[in-house]
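This report describes the fold of a single protein chain and the surroundings of selected residues. The sequence and the structure are shown first.

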Amino acid sequence: MNNQAPIQQRTVLLLGKSSLLMPQLTNLIHSYGELSVEKTFSVRDALSIIMNIKPGLIISEWELVDHSVIELLQILQSKKEWTKIPLLILLGETDDNQLRLARSSSAKGILRQPLKKQHLLVIEE
């Protein structure tokens, strides 16, 4: 018998500390239909959610409470099953160094503000 939790393809995990941006992003995700949203501010809490729920997509701001999204990506690369979870990096007004690091990371894509529904089309395959 397999003791692993099932992958919840219809769950999106949001990581971020922006009190203004996260509600906007949540509404945008819900506009796609029956997607559930889990939210957290820290990588530590995100890892707990990933272990228990196995989301179909992660969207993360650059800086989190305890780590950066680059550190989260490195952790996700440490387990084969986690490497299959696509991660989008959410960037606001950033410097060129953050954008360069985001582009060279293992993230599936980069979302820039202001958020629009067509920017999230990268999650549909």
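Predicted model: local features only at pLDDT ≥ 70, side-chain atom pairs only at ≥ 80, totals over all residues.

## Strand arrangement and buried positions

Leu13 has its place in strand β1, which spans residues 8–15. With a relative accessible area of 0%, Leu13 is buried. Apart from its neighbours within four places in sequence, Leu13 is in contact with Glu38, Thr40, Ala46, Ile49, Ile50, Pro55, Leu57, Ile58 and Ile59. One of these residues, Glu38, lies 25 residues from Leu13 along the chain, and the C-alpha atoms of the two are separated by 4.8 Å.

The wider chain provides the setting for this site. Four helices and five strands are present in the protein chain, and from the N terminus on they follow the order β-α-β-α-β-α-β-α-β. Of the 125 residues in the protein chain, 42% are buried. Among contacts between residues at least 6 apart in sequence, 64% join residues at least 24 apart.

Strand β4, residues 87–91, is mostly covered, since five of its five residues are buried. Which residues cover the two faces of β4? Leu87, Ile89 and Leu91 lie on one side and Leu88 and Leu90 on the other, and all of them are buried.

Within α3, the residues Val69, Leu72, Leu73 and Leu76 are buried. These four residues are on the same side of α3 because they cover an arc of only 100° around the axis.

A further feature concerns aromatic rings. A pair of aromatic rings is described by the distance of the centres and the angle of the planes. With a cut-off of 6.5 Å between ring centres, the count comes to zero aromatic pairs. The ring of Trp82 does, however, have the charged end of Lys79 sitting over it, 5.2 Å from the ring centre.

Note on methods:
Residues numbered from 1 in each chain as written. Heavy atoms only, no water. Buried < 20%, exposed > 50% of the residue type's maximum accessible area, 1.4 Å probe, protein only. Arc of directions from axis to C-beta. Phe/Tyr/Trp six-rings, centres within 6.5 Å; stacked < 30°, edge-to-face > 60°. Lys NZ or Arg CZ within 6 Å of the ring centre and 35° of its normal. Contact = heavy atoms within 4.5 Å.
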